[in-house]
Amino acid sequence: MLFNETTFFDFKFPEPQYLGAKFIHRGWIARHIPEDANVVLDAFSGSQSIAYVLKQLGKKVLTNDFLSFCGHTGKALIENKRELLEPEDLEILFSENSDPTEFNLMESLFANLFFTQAEAAFADSFRSNVRHLSNSYKQSMALAIMCRSMTRKVTMGHFAHTQALVYAADPARIKRNRSLVRPLKDLFLDLLPAYNAAVFDNGCENVSYNENILDLLPHLTGVDLAYFDPPYCNSHADYQSFYHLLETFVEYWKDKRFINGTKRYEPKRFSGFDKNSEAVRNLKKLFELACDIPIWLVSYNDRSYPDIETMVSIIEPYRKVQIERKPYDNSRGGKGSVAGCNEVLLICKKR
């Protein structure tokens with residue numbers, strides 16, 4: 001990765017396990033961030049890996065994702081300047097369940113599905129104690145690390161399947177990934193040092209939002225550059241189905257129904273970008289709302305819907321578009337991409 005010299009790159013972002021994360025593309029994307037873009041928006045931040053690079057570049061970062069568990073990662077690592085989880089915080093988090101009648105959702109929903117009964121009960125106990133931490137940054141840090149621990153413990157790192165415990169009983173899979181049988185508490189303690197070490201103050205008042213970007217954009221002013229990484233329809237666009245358990249854990253729903261074999265919550269939150277029938281209309285709305293932001297960077301993939309030509313035609317009424325492509329040479333990539341396709345960056349500037 002090539003960056004301007006800055007002490008902020010001594011800090012390291014904890015490697016994510018998140019569908020569509022741009023972690024492996026962060027250097028490529030960062031090369032297209034102008035030095036004089038001082039206030040930047042990451043509108044669909046997901047894992048927060050690009051928002052973190054923007055923070056390392058010394059920008060004032062406005063990071064946003066409509067999923068709450070992503071918002072907590074943003075608050076913990078982008079907005080947070082100095083709050084860490086200390087031994088006394090761990091003593092609180094690992095105490096007995098502070099309200100077993102109120103905090104039993106993980107056990108009632110996900111025991112013997114994604115976790116053993118004991119592990120699900122531990123998650124409930126942990127969640128009951130998060131509220132007793134001394135401030136919201138510590139709370140977000142605790143939630144972010146536990147969500148990451150949960151993805152480490154489940155094969156494929158998501159919750160859109162019902163084979164978690166089957167895989168966790170498979171000696172061949174365990175040999176490849178010991179995390180499948182390790183306690184959540186141990187995984188949390190393994191991850192904690194990297195998260196604490198990732199907290200820093202870049203001298204800016206960064207903000208983590210948890211809103212639908214179509215609702216947020218009208219309230220933002222003074223943004224120099226927007227980075228848009230919308231869900232790629234046809235390629236793992238339904239993040240609520242993949243990460244419903246993490247959202248349930250963070251929100252601790254009391255007003256939802258839980259449906260199908262994975263116990264996904266219903267109704268879902270409105271995205272506007274995860275269905276082919278809605279994507280084009282809301283992409284047009286997105287770019288119309290962003291017309292006052294001088295520069296846009298749009299991440300995309302050449303196997304997604306709408307296709308690149310359509311995406312460019314949506315943007316061209318507002319900006320001239322330069323297309324940069326980065327081919328995948330293996331099966332690893334963002335938004336469900338595979339070998340033989342390209343990660344695409346649309347660089348959109350005023351005429």
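Leaving aside residues up to four places away in sequence, aspartate 274 touches Cys233, Ala237, Asp238 and Gln240, where contact means heavy atoms within 4.5 Å. This is a predicted model, in which local features need pLDDT of at least 70 and side-chain atom pairs count only at pLDDT 80 or more, while totals for chains, interfaces and linings use all residues. Residues are numbered from 1 along each chain as its sequence is written, and side-chain values use heavy atoms, with hydrogens and water left out.

Aspartate 274 lies in the loop between β6 (264–266) and α14 (276–289); helices (H or I, at least four residues) and strands (E, at least two) are DSSP runs, numbered from the N terminus. Although aspartate 274 is buried, it has no salt bridge, and lysine 268, the nearest side chain of opposite charge, is 5.3 Å away. Here buried means under 20% relative accessible area, exposed over 50%, and partly exposed in between, with a 1.4 Å probe and protein chains only. A salt bridge requires a side-chain nitrogen of Lys or Arg within 4 Å of a carboxyl oxygen of Asp or Glu; Lys and Arg count as positive and Asp and Glu as negative, whereas His and the chain ends are not counted.

| Residue | Relative accessible area |
|---|---|
| Cysteine 70 | 1% |
| Cysteine 233 | 1% |
| Leucine 191 | 12% |

The structure holds zero disulfides, a disulfide being a pair of cysteine sulfur atoms within 2.5 Å. For cysteine 70, the closest cysteine sulfur is that of cysteine 147, which at 8.7 Å is too far for a bond.

Leucine 191 belongs to helix α10 (residues 184–197). Not counting residues up to four places away in sequence, leucine 191 touches Ile145, Arg148, Ser149 and Arg152. Arginine 152 is 39 residues from leucine 191 along the chain, and their C-alpha atoms are separated by 10 Å.

Seven strands form an open sheet of mixed pairing, in the order β3-β2-β1-β4-β7-β9-β8, with two strands taken as paired if DSSP finds at least two bridges between them. Because β3 (207–209) and β8 (320–327) stand at the edges with a single partner strand each, one side of each is left without a neighbour in the sheet. Within this sheet, strands β1 (residues 39–42) and β4 (residues 225–228) run parallel and are joined by three bridges; aspartate 42 has tyrosine 227 of β4 as its bridge partner.
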